[in-house]
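Here is a friendly walk through one protein model, from the whole chain down to a few of its parts. Please keep the structure open beside you as you read.

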Amino acid sequence: MTRPTIPFLLSLALAGTCGGAAAAGASRTPFDAALPAWTKAAGAPRALDASRRLSRLGLVLRRSEERQQAFDAHLAALQDPASPLHAQWLEPHEIGERFGADAAEIAAVSSWLASEGLELESVSPTRRILRFGGRVEDVERAFATRLAEYEVAGRKRIAPRTAPSLPDAIAARVEHVVGIETLRLHARAMPPQRRDSASLERARAKASMCGAGGCEHYIFPGDFAVLYGLEGAHAQGHDGSGQSIAVVARTRVHAPDIAEFRARAALPAMAFDTVIAQDGTDPGPPADHCGEVGEPACDDDDDARMDQVEATMDVSLAGGAAPGARIKLVTSGETDGVDGVILAIEHAVWAEPLPARVVSISWGTCEADNSAGAAAYVNEMFGDAAMRGISVFAASGDAGAGDCSPHHQPPDGDRRHSVNLLCSSPHVTCVGGTELADDTAPAGTYWSQSNGPGFTSALGHIPERGWNQPINREGAAQVAASGGGVSARFATPDWQVGAGIPFERTGRYVPDVALNASAHTGYFHCMAAFGGSCVRDDNGAFHFMIGGGTSASAPSMAGIAAMLNQRAGAPQGNLNPRLYAIAGNPLNRALRDVAPIDAAACDLDIPSTCNNSTPGAQGAAALRGHAIGHGHDLVTGLGSPDATRLLEAWMDPASAGTRLNQRGISGSWANPATDSQGLVVDVSPDFFNAQTGNLFAGWFTFADDGSQRWYTLQGAAGDVAGAALPIYETTGGRFDHAQSTTTRAVGHAWFVLEACDRAQLEYRFDDSGRSGTIPLQRLLSNVDCATTQPPPSTPADARYAGTWADFGTGGQGLVLDVSPAQTLLFGAWYTFAAGSVAGPAGQRWITLQAAFPAGARALEDIGLFESRGGVFDGPADTDTVQVGTADLAFTSCTAARLDYRYTSGAFAGRSGSLDLTRVTPAPAGCQ
């Protein structure tokens, strides 16, 4: 890692203006958020020896608002395929020159450190982190706190007992204090299981474990390729050749374990590299056997060997997914009290030259246990990784919605919702876990009862559900489920939009994608230190290991990323912005949505494969997690990848068709074969960001008994031809009356454009399982839809189209379509019965239609029409009659008034007024 020399820094420090004399007695700024929550559950604190020397403490220097905006804008440009800066990655010293602290800022903070008797150790290459060390008594005085040592799970950790503070002049230059708390990471691997195999030549090789009671299947690299669509990419030569993947660890790996893994899996022989982190220490030789006198038993899962299990499985699976890639194990033992995995990550991100453009991290620590300073530090590393074009993958964790609970152990009663801190950074692709639903079809549907080359037995893609195994092999409760939730430290990134992403945007939502993590179909690997060396005996049989957890999912996804880099011919950096854009276009089919198999039966108080809730301790209530839903969810993210389609979509994410992110898509759409029902669509371009708008639609249809039903659809609409949208149902209201309503997602729809006047709506309802596809035609003429960019300007009259509501009557409103080409107004009014009617039966809708003369802002005697007798998504003889009139006056582009009078129909004799407000932003130029 490149560093400025200490003499140079000290010479700058002497020029500073904020030394100890200035700080003495001065007002101080506390860093309240620096206190880690893990201290509350730790043992009794013990004071540190005042003369003990601490090292690798740090200050994260604050960026000015202008400099941070420049950093964010540059990073966005690097990740934007349309930008001339796309993939023009920076080296650490370039990041420092452009966006780091200037010499005066570094000098001022360095001078203060020296005045407090603390020694500057280094400045990060990006000029954002100052590392320093010194005696405990000097650290405590400088930061006006007391440090203590705690014992947590048999390991000693330090943390401040009171909030540290800095003199105001220094605090103004510092964003966070780091290192005065011990950041400890934990392996996410589940305890390994040893299995036996018969020889390959036998018809029923036990790699598929077939017997009288059926078959127990495991995932070999060949199976993974079949399940996740790698076969096509491999056949095209995209196997990660020419790429490197860095796997971070704190142990070495026994090289024969990797060699035997690749030999049994019929992968080409390839050595892996071991890289000791520059600031770390060699962790020592790996374990290579077990079970002998004086040696650990083969079922002894002590921490050191579990760390080696993690490293071994990660190296194996990353290379199994991308058999042509070079794997680099970046590792370190604990050094000066700093976790070896942290040192390994630092090296993987900041070292020059760079070890690899893909980094896999199967380690973590719960966000809720750690301070804001720790969060800022890891995010700083990963932000620099994104600037360098590094794709970082982290396991979402194996404790469901409560990452602070012990993984793969009995529940401890921890009731905190939390995500993996390393996963919550927006610069990291967070990988969650699924389970193969191979028990939903007859035997032989998904697996062969015999094995092909490399013990492959999967026959094709297998539907997936959420991974949640609340019961272990002994029948006892355990915490083992796909990690996921909402970060409390990081805001929702601009690019994180799409079906399933809440509009409240309360934080970074994880995971992003998911792959199989279940021991139900665990991953094959080899490890002699657990008795699974994979070495064949004279009969051709061998012992092997089965593993799982999201720590298996993350390196597997890293292998797919290496293939992406190879296909694109360049590093792709943070995959997240492109992944969400690709997922937003249903035409790509590159990410398979993991939808609930039986959503109606999903109870969040009961851990199951439809959620990531966790079991309770000693009969206590479980920690309620998050349910799987259509689109993105907090268990499986966007879903699981189809690698071949993902590679294709990566090169052309927009695919064919007309882009949705334009106001010209707004209007009324219907299937002429299903009379009197359809959608009125309102698109607000660039609502979320420059490439992503918001699409709202009212879907007006019928129940099978001929009564009216309506739904709303809402979600992100990108510069692509399709969008995945949740279907919402609102119930409980009363006509033109303030009353509490209930809105819930009841299904999912895919709205796909074929042209400016043709589209398809594919739908699926969760409760009933009803599904189908509706061909749609635009009812009124296009006025500003474009198949190329930029679209023509919106005519003035058309700007009054959109979604309007009277906020005094919850859950109801109007969607208007104004066509200057035909000088017509069409609209749909979605509301409720006059009396309170429970459930969907209370829904009512009315259509509006009238001439709209050019330049008109007030319309009188608009016809109000009521339709009856239809059948959901089917032809039927419907009866549409006028039941009243209304006057509509636009006082501005955001305010209007509707005066209505009903003479017949469901609302006969009723009249009144609605004060309407535009729900979505007004079009540009509308006043």
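Strand 42 (residues 879–890) and strand 43 (residues 895–902) run antiparallel and are joined by 7 bridges. Strands here are DSSP runs of E with at least two residues, helices are runs of H or I with at least four residues, and both are numbered from the N terminus. Two strands count as paired if DSSP finds at least two bridges between them.

Before going further, a word on the model: it is predicted, local features need pLDDT of at least 70, side-chain atom pairs count only at pLDDT 80 or more, and totals for chains, interfaces and linings use all residues. Residues are numbered from 1 along each chain as its sequence is written, and side-chain values use heavy atoms, with hydrogens and water left out.

**Strand 43 and its neighbours**

A hairpin of 4 residues links strand 42 to strand 43, and Ala886 stands opposite Tyr900 in strand 43. Strand 43 also runs antiparallel to strand 44 (residues 911–918), with 7 bridges between them. There, Arg901 has Ser911 of strand 44 as its bridge partner.

Which residues form the covered face of strand 43? They are Ala896, Leu898, Tyr900 and Tyr902, while Ala895, Arg897, Asp899 and Arg901 make up the uncovered face. In a regular strand, side chains alternate between the two faces of the sheet.

**Strand 20, an enclosed strand**

Strand 20 (residues 429–436) is largely enclosed by the rest of the structure, because 8 of its 8 residues are buried. Buried means under 20% relative accessible area, exposed means over 50%, and partly exposed lies in between (1.4 Å probe, protein chains only). Thr429, Val431, Gly433 and Glu435 point one way from strand 20, whereas Cys430, Gly432, Thr434 and Leu436 point the other way, and all are buried.

| Partner of strand 20 | Direction | Bridges |
|---|---|---|
| Strand 19 (residues 391–395) | parallel | 3 |
| Strand 24 (residues 513–516) | parallel | 4 |
| Strand 21 (residues 464–466) | antiparallel | 3 |

Ala394 stands opposite Cys430 in strand 20. Thr434 stands opposite Asn516 in strand 24, and Thr434 also stands opposite Gly466 in strand 21.

**Helix 3**

Phe71, His74, Leu75, Ala77 and Leu78 are buried in helix 3. They cover an arc of only 160 degrees around the axis, so they lie on the same side of helix 3; the arc is that of the directions from the helix axis to the C-beta atoms. Glu65 and Glu66, on the other side of helix 3, are exposed. The buried residues of helix 3 pack against helix 4 (92–99) and helix 13 (372–387), where contact means heavy atoms within 4.5 Å.

**The protein as a whole**

Stepping back, the protein has 17 helices and 44 strands. Its C-alpha atoms fill a box of roughly 90 × 80 × 55 Å along the principal axes. Buried residues make up 60% of the 927 residues. Of the contacts with a separation of 6 or more, 71% are between residues 24 or more positions apart.
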